[in-house]
Amino acid sequence: MRADVNDLFQEDVVADFKAVAKAGVKGIIHKATQGAGVTDRAYVERRKMAADAGLLWGAYHFNTGEPVAAQVQHFLDAAKPDDHTLMALDFEDNRHSQMTLSQARDFLARLDGALGRKVVIYSGNRIKDLLGRKVDAFFGAHRLWLAQYGPVARPQASWPKQWLWQFTGDGIGSPPHAIPGITTHGIDINQYSGDPAKLAADWAGAPVLTS
């Protein structure tokens with residue numbers, strides 16, 4: 001059994017979140033911010049629409065090389081997470097302003113501390129290129145939202161298995177994958193290998209243990 005999740009940003013065209021939910025999608029992870037000053041203009045309105053349709057809600061932040069503390073604060077201010085909101089760092093290639101590995105580590109640590117729970121890292125080739133075959137306990141303690149298009153998921157060595165798998169998107173496929181209620185050509189689709197109840201229980205993340 002599996003449960004599907006869609007990730008969206010302001011340029012994706014959503015006609016009906018209730019149709020999305022009816023099609024079997026269980027959660028939405030929406031772009032909230034980028035860097036230290038950019039906010040996704042569709043985030044607030046779509047959050048309410050998704051909730052009204054009974055969908056789980058999450059927010060992601062697109063990385064830049066700007067000061068980490070400012071990025072984390074901007075993300076928190078714009079996403080306005082509650083205890084049920086999934087929060088994720090989008091750590092992919094950004095040729096305009098790239099976040100370093102040490103900055104990503106700092107971002108996750110600061111966000112964990114602000115929320116009191118472990119957050120998610122989205123990455124594919126970026127984390128693989130930077131870590132190589134190294135097993136990194138810090139990153140491995142965060143759930144991996146793997147970007148890996150194709151038939152097989154191959155997480156970096158720090159994770160025995162991905163938590164969520166973005167297996168298609170950006171027009172991939174012939175014809176491209178589609179979801180009722182979303183009219184964008186080739187929508188991103190993410191697979192969770194578990195039942196919807198387990199997804200809901202795991203969604204926001206486990207509390208950070210303190211001594």
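**Figure 1. Surroundings of D12 in the predicted model.** Leaving aside neighbours within four places in sequence, D12 is in contact with D7, R46, T184 and I187, where contact means heavy atoms within 4.5 Å. D12 belongs to the loop between β1 and α1 (17-22). Helices (H or I, at least four residues) and strands (E, at least two) are DSSP runs, numbered from the N terminus. D12 counts as buried because its relative accessible area is 10%; buried means under 20% relative accessible area, exposed over 50%, and partly exposed in between (1.4 Å probe, protein chains only). T64 is 52 residues from D12 along the chain, and the C-alpha atoms of D12 and T64 are separated by 21 Å. This is a predicted model, in which local features need pLDDT of at least 70 and side-chain atom pairs count only at pLDDT 80 or more, while totals for chains, interfaces and linings use all residues. Residues are numbered from 1 along each chain as its sequence is written, and side-chain values use heavy atoms, with hydrogens and water left out.

Figure 2. Which residues of β1 are buried on each side? On one side they are A3, V5 and D7, and on the other D4, N6 and L8, so that both faces of β1 are covered. Two strands pair if DSSP finds at least two bridges between them. With strand β2 (residues 25-34), β1 pairs in the parallel sense over 5 bridges; here G27 in β2 is the bridge partner of V5.

Figure 3. Strand β7 runs over residues 143-147 and is mostly covered, with 4 of its 5 residues buried. Strand β6 (residues 120-123) pairs with β7 in the parallel sense over 4 bridges. In this pairing, V120 stands opposite R143 in β7. Strand β8 (residues 164-168) also runs parallel to β7, and 3 bridges join these two strands. The bridge partner of W145 in β8 is L164.

Figure 4. F91 lies in the loop between β5 and α4. Is F91 buried or exposed? F91 is buried, because its relative accessible area is 0%. Leaving aside neighbours within four places in sequence, F91 is in contact with N63, Q98, M99, T100, L101, A104, I121, Y122, S123, R126, I127 and L130. One of these contacts, R126, is 35 residues from F91 in sequence and 7.1 Å from F91 in space, C-alpha to C-alpha.

**Figure 5. D112 in helix α4.** D112 is found in helix α4, which spans residues 101-115. D112 has a relative accessible area of 6% and is therefore buried. Not counting residues up to four places away in sequence, D112 touches R117, K118, V119, H142 and V208.

**Figure 6. The exposed residue K80.** K80 is located in the loop between α3 (68-79) and β5 (86-90). K80 is exposed because its relative accessible area is 58%. Although K80 is not a glycine, K80 has a positive phi of about 45°.

**Figure 7. The chain from which the close-up views are taken.** There are 7 helices and 9 strands in the chain. The C-alpha atoms fill a box of roughly 40 × 40 × 35 Å, taken along the principal axes. Buried residues make up 50% of the 211 residues. Among contacts between residues at least 6 apart in sequence, 65% join residues at least 24 apart. The chain has 23 positive and 23 negative side chains, and the centres of the two sets lie 4 Å apart. In this count, Lys and Arg are positive and Asp and Glu negative, while His and the chain ends are not counted; the place of a charge is taken as NZ of Lys, CZ of Arg, CG of Asp or CD of Glu.
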